[in-house]
Every structure is written in structure tokens, then in C-alpha cells.
Amino acid sequence: MKKIFFILIINLFQAQQSWTLKECIDYASKNHPLVKQATVNIQKNDRQIAASKGILLPSVEAAVNHSYSFGSSINQSNNQREALNTQYDQLIAQANIQLFNWRNYLNISLSKLNRNTNIYKLKQAQNEVQLNVIQTFFVYQNSKSWLDVLETQIAGIEDQIKRTEKEVEIGSRSKSDIYDIKANLGTLQEQWVSAKNQRDLAKINLYNALNITEDSIDFIMNNEEILSEGDFSDSDFTNKLVQNNPSYKAIVAEINAQQKRVSIERSSYLPTLNGNYSWSTFYNKSLGKDNVSGINFSDQFVQNKNQSVFFGLSIPIFNQFQIKNNVEIAKLNVINSNYDKELIINDLTKTINSIKAQFTNAQEKYHLLELNFENQRLSFQKSEEKYKEGLMDAYTFFIVRNNWLQANYNLINSKNDVIQQTELLKILKNGL
């Protein structure tokens with residue numbers, strides 16, 4: 001029973017090491033540092049909203065003061081200046097509140113707008129990570145497929161050399177056939193080394209896109225992947241994808257925030273109303289003498305109590321043109337953000353149209369390669385029969401066989417290209 005359980009655990013562990021494209025996207029969308037940073041920014045915005053609301057509440061503070069005075073001072077009992085050494089204790093409590101400051105309310109609105117912007121930026125970061133993962137994933141798959149083709153070609157040549165050597169021994173083949181085959185083996189082996197290097201680099205790039213540092217995962221294609229048909233009949237296809245993209249929504253939210261900053265700067269022209277309440281008391285005695293006032297500590301604290309209420313209205317009149325300049329700078333920031341919006345629209349339009357064109361071309365190419373692959377397969381079958389019957393030399397058969405393997409790789413590569421463009425469009429269509 002323990003042995004069966006151990007085998008099940010091993011099989012489960014091995015299965016977890018093979019990731020499909022979906023698993024790669026899901027992992028990167030949650031664990032990539034860009035996504036985590038965007039999440040932290042939203043949490044910071046929550047704190048900023050709470051801080052902006054907290055400004056509306058009064059601030060309350062208390063203080064206790066204890067001091068000594070030596071030399072000439074006022075005698076608290078007769079209100080005369082004398083040479084005295086005194087101890088002075090004071091207790092103060094006060095509350096301050098801004099009864100009216102329009103800037104505080106605008107800051108709350110700005111904090112909420114900034115949060116909306118960062119929500120879109122979080123989705124934008126996820127999209128960028130996902131698009132990068134998709135592209136690097138298929139680069140790796142194509143490089144791995146090409147390496148498999150070369151390994152199949154090399155293995156086929158080695159088997160063909162052994163068969164031809166036997167045929168040469170019995171006299172059914174000339175020895176030159178062996179030389180022709182071996183002449184191409186070195187070239188393929190050199191290509192294999194380069195292909196292996198490309199595959200390894202592609203895998204490193206994919207690990208980097210996933211933010212994984214250990215080489216512990218194999219990346220596989222989903223065998224159930226079905227090619228989809230692109231629906232580009234909608235004349236407004238590109239505009240809808242642009243307006244649904246988080247990069248576009250983020251810049252629109254940023255423009256709204258910049259416009260709110262203009263209102264915040266203008267609020268400095270408005271008056272502010274402040275309120276203050278304070279309560280205090282004190283105790284005073286002469287050092288080295290009896291308490292000249294004859295009043296003990298607790299009685300003094302009760303008798304010396306004082307309360308005050310303050311209201312102040314502040315009206316800005318002239319501020320060296322600082323408010324005016326701040327307002328104009330805020331307006332320029334709005335204009336600048338609108339230019340950023342145009343740049344983002346141009347970049348998104350280019351990206352979407354490029355993917356759309358590549359999808360269409362890849363789909364058309366795939367259908368053509370399907371026909372070519374079938375022709376190459378039939379050609380290989382006929383050539384294999386001719387080679388076995390001695391009607392075709394080894395070198396010609398080698399060329400036919402490699403053409404068929406190349407057609408097989410081209411078909412796989414083309415299919416991957418269609419799937420890749422499909423996945424890229426899927427990310428762009430999902431939006432928020």
C-alpha cells in the first residue's frame with residue numbers, strides 16, 4: 001500500500017512539472033513582480049483615501065509642561081517682580097479643526113480617481129505580462145520543434161548509413177552512396193548544435209517572462225488545442241479593442257485625475273475657516289520657601305483652569321501669483337496627458353492591426369501547408385518504395401525524406417503561429 005502511495009505521489013509531482021500555456025499565463029498573472037507592484041499601489045491608494053477623509057476630522061492633543069525659573073520673576077501671590085526661584089507646572093488640552101477647506105474634499109475625490117487609475121494599471125500590467133509569456137512560450141515551442149526535426153533527421157541518417165553499408169557489402173549499392181549520406185550528416189549535426197542553443201535560450205527567456213529562476217519545469221502544448229476562426233467582420237473591431245484595453249482606460253482615468261488637480265489648485269483662491277478649542281491649568285510655587293500663595297497643588301489646578309474657543313477666517317488676497325501658476329501648470333499637465341492618450345491609441349491600433357494581419361496570414365499559410373504536407377508525405381512514401389527497390393540513390397532519398405520532415409515542421413510552426421495570434425487576440429479582447 002505504501003509503495004502504491006509513493007508511486008502516486010511521484011506521478012503527481014512529475015505531472016506538476018509540465019505546464020501548458022494556460023498554466024504559464026495563470027502563474028505569471030499572479031506572481032510576476034510587475035503585477036505585485038501594481039497590487040501594492042492599489043493598497044497605497046486605499047491608505048491615501050483613508051488619510052484624505054481623516055483630514056476632515058479634528059486633531060486633538062494634550063501636553064504637560066514642567067519648568068523651573070531662577071532669578072527675577074513675577075510673584076503669583078502679589079503680581080510683583082521679585083528675585084524668586086519658582087516651579088511651574090502646566091496641563092494643556094486642545095482640539096483643532098478645519099471647518100471649511102474645499103481642497104480637503106477635492107483631495108478625497110482625487111484619491112479615488114488615483115485608485116481607479118491604478119486598478120486599470122494592474123490589469124495593464126497583467127496584460128503586458130501575459131502577452132510576453134505567450135510570445136516567449138511559442139518561441140520556445142517552435143525552437144523545440146525544430147530541434148526535434150533535426151534529431152529525427154540525424155537519427156534517420158544514422159540508420160540509413162547502417163542499412164546502406166550492409167547493402168554495399170552484398171553489392172546492391174555502390175560505396176559512393178555512403179559518402180553522399182555522411183557528407184550531409186556533419187551539416188545536420190552543426191545545425192543541431194545551433195538549434196539546441198536556440199531552444200535553451202528560448203527556455204531561459206520563458207523562465208524570465210514567468211519570473212522563475214530554477215530550471216524545473218517543462219512547457220508543453222495542449223494537444224486539445226483547436227484552431228479558431230477570426231471574426232473581423234465588425235468594421236469597428238479595432239476601435240472596440242482599443243477602448244476596452246486597460247492601457248487606454250488607465251490614461252483616460254489619469255486625465256480625469258489631472259483635471260481634478262486643476263480644481264484642487266483653484267481651490268486655493270477660496271477662503272478657509274478654522275476652529276480651535278483649548279483647556280489649560282497650571283500650578284506655581286516658590287522654591288526654598290513655603291507656598292507664598294497658601295494654595296496647595298490640587299486647589300491651584302482647579303482655580304487656574306482656563307478654556308478658550310477660537311474661530312478664524314483666512315482669505316487669500318495676494319500670493320505672489322503662486323496659485324495662478326500652479327493652476328496653469330495643472331492645465332498643461334492635462335494637455336500633456338491628452339497627448340499621451342493619442343500615443344497610446346496609436347500604439348494599440350498598430351498592435352491590434354498587426355496581430356489581426358498576422359492571424360489572417362498565419363491561418364491562410366496553415367491551410368496551404370496542410371496541402372503541401374500531404375503532398376510531401378505521399379512523395380516520401382513513393383520515394384521510400386523506389387529506394388527499397390533500388391530505383392533511387394541514397395542521396396536523393398535523403399533529400400526527399402528531409403523535405404517531408406521540413407514540411408512537417410513548417411506545418412507545426414504555422415499551427416503554433418495561428419494559436420499564438422489567437423491567444424494574443426484573446427488577451428486583447430478580454431479587457432477588464
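This is a predicted model: local features need pLDDT of at least 70, side-chain atom pairs count only at pLDDT 80 or more; totals for chains, interfaces and linings use all residues.

Reader: How many aromatic pairs does the structure hold?

Author: Nine. Rings of Phe, Tyr and Trp (its six-membered ring) pair if their centres lie within 6.5 Å; planes under 30 degrees apart count as stacked, over 60 as edge-to-face and the rest as tilted.

Reader: Why is the pair of Phe137 and Phe138 called edge-to-face?

Author: Their ring planes stand at 80 degrees, with centres 5.5 Å apart, so the pair is edge-to-face. Phe137 and Phe138 are both buried.

Reader: And why is the pair of Trp146 and Tyr409 called tilted?

Author: The centres are 5.1 Å apart and the planes meet at 50 degrees, so tilted is the label. Trp146 sits in helix 4 (residues 102-170) and Tyr409 in helix 10 (residues 394-430), so this pair ties together parts 263 residues apart in sequence. Helices (H or I, at least four residues) and strands (E, at least two) are DSSP runs, numbered from the N terminus.

Reader: Which residues do ring pairs link into a cluster?

Author: Tyr140, Tyr207 and Phe219.

Reader: How do you know that the buried residues of helix 6 line one face?

Author: The buried residues of helix 6 (residues 237-244) are Phe237, Thr238, Leu241 and Val242. Down the helix axis they fall within an arc of 130 degrees, so they line one face. That arc is taken from the directions from the helix axis to the C-beta atoms.

Reader: Is Thr281 buried or exposed, and why?

Author: Thr281 has 1% relative accessibility, so it counts as buried. Its place is in strand 5 (residues 272-286).

Reader: What does Thr281 touch?

Author: Contact means heavy atoms within 4.5 Å. Not counting residues up to four places away in sequence, Thr281 touches Asp89, Gln90, Leu91, Gln300, Phe301, Asn304 and Lys305. A polar atom of the Thr281 side chain lies 2.5 Å from the backbone oxygen of Phe301.

Notes. Residues are numbered from 1 along each chain as its sequence is written. Side-chain values use heavy atoms; hydrogens and water are left out. Buried means under 20% relative accessible area, exposed over 50%, partly exposed in between (1.4 Å probe, protein chains only). A polar contact is a pair of N or O atoms within 3.5 Å; within protein, one must be able to donate a hydrogen and the other to accept it, and residues adjacent in sequence count only if both atoms are side-chain atoms.
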